[in-house]
Amino acid sequence: MTSATRQPETPAATVPPRLIATDLDGTLLRDDKSVSARTVAALAAAEEAGIEVFFVTGRPARWMDVVSDHVHGHGLAICGNGAAVVDLHGGPGTHRFVKVRELARENALDAVRLLRDAAPGTVYAVEQTYGFYQEPAYPKLHMEVPDLLAPAEKLLAPDAPGAGEPVLKILAYHPELDPDTFLTLARLAVGDRATITRSSPSALLEISGPGVSKASTLALCCAERGISHKEVVAFGDMPNDVEMLTWAGRSYAMGNAHPDVVAAASGRTVANNEDGVAVVIEQILADRS
């Protein structure tokens, strides 16, 4: 397949895009976490044509090395599902936090308590700007060794190690529940105390501050640049992308996307392993010329 397919009623099809916002895992990255040569070329061509490219991901800043070599111009990325805007210039270990939208510890503790009651067996990890902490029973889901093992209540206490460092999100894992069932249950249990989403195929939830999402932080970044939502083209594949795809003037669900993402997006492209983001960028640039 050589061209993206999209619904003809896509609302912003006639508005020239000024910014491309793309998720990483399952979207821009192939399943082996590589960025294909075709995608690298497409990103560079978009920037050369004056279209900004923002990586918008659930990943923490320290996991952004996979795309640090492919930032152009501004060098900014939205990490942690909107909890941080990070300057990727400088390379591994030197990322600078430009904006932080933290999860208040009292909200995090409320979420932990409510979700423990609603889904017994839930275990937690705490993601901070520079630290990662987890409960002893939390499984090895990540590419790192935690800075501390302790119950979530202690990890989030006022006198906990790293207490002066912002909490970006907490991670909640359940060993038995269906992922979508767990997400629905958690949203009902926690309510407006936090924003809850997921990007993993397992029952792993990502819990951020109230109103914090990829979409809301992207909207702030666009407002600072005088870019309207109609001038944004967005790409995603999992539930944590839904708000961003709904907000953007033009949006694409990957061929491998979750059904909720397909429903939210105004168009579709091919799967991440087939360079679906590059396919659309190439078409956008061809239409411009």
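1. Strands β4 and β5 form a hairpin with 4 residues between them, strands being DSSP runs of E of at least two residues and helices runs of H or I of at least four, numbered from the N terminus. Within the turn, G80 has a positive phi of about 60 degrees. The model is a predicted one, in which local features need pLDDT of at least 70 and side-chain atom pairs count only at pLDDT 80 or more, whereas totals for chains, interfaces and linings use all residues. Residues are numbered from 1 along each chain as its sequence is written, and side-chain values use heavy atoms, with hydrogens and water left out.

2. The pairing of β4 (residues 76-79) with β5 is antiparallel and runs over 4 bridges; two strands pair if DSSP finds at least two bridges between them. C79 stands opposite A84 in β5.

3. β5 also pairs with strand β6 (residues 96-100), in the antiparallel sense and over 4 bridges. V86 has F97 of β6 as its bridge partner.

4. Along β5 (residues 84-87), A84 and V86 point one way, while V85 and D87 point the other way.

5. The structure holds 2 cavities of 30 Å³ or more. On a 1 Å grid over the protein atoms alone, a cavity is a set of points where a 1.4 Å probe fits but cannot get out, and a pocket is an open set with protein on both sides within 12 Å along at least five of seven lines; lining residues have an atom within 4 Å of a point. Grid points are joined across faces, edges and corners, and a volume is the space filled by probe spheres set on the points.

6. The largest cavity has about 80 Å³ of space. β11 (195-197), β12 (204-208) and α7 (214-224) each give two or more residues to its lining, and β11 gives the most, with 3 residues. Among the lining residues are N81, E206, K214 and E243. The lining divides into 3 nonpolar, 6 polar and 3 charged residues (nonpolar: Ala, Val, Leu, Ile, Met, Phe, Trp, Tyr, Cys and Pro; charged: Asp, Glu, Lys and Arg; polar: the others, Gly among them).

7. The largest pocket holds about 660 Å³ of space. Of its 25 lining residues, D25, K33, W63, S199 and S200 lie nearest its centre. The elements giving two or more residues to this lining are α1 (24-28), β10 (167-173) and β12. The lining of this pocket comprises 8 nonpolar, 9 polar and 8 charged residues.

How values were computed
Buried < 20%, exposed > 50% of the residue type's maximum accessible area, 1.4 Å probe, protein only.
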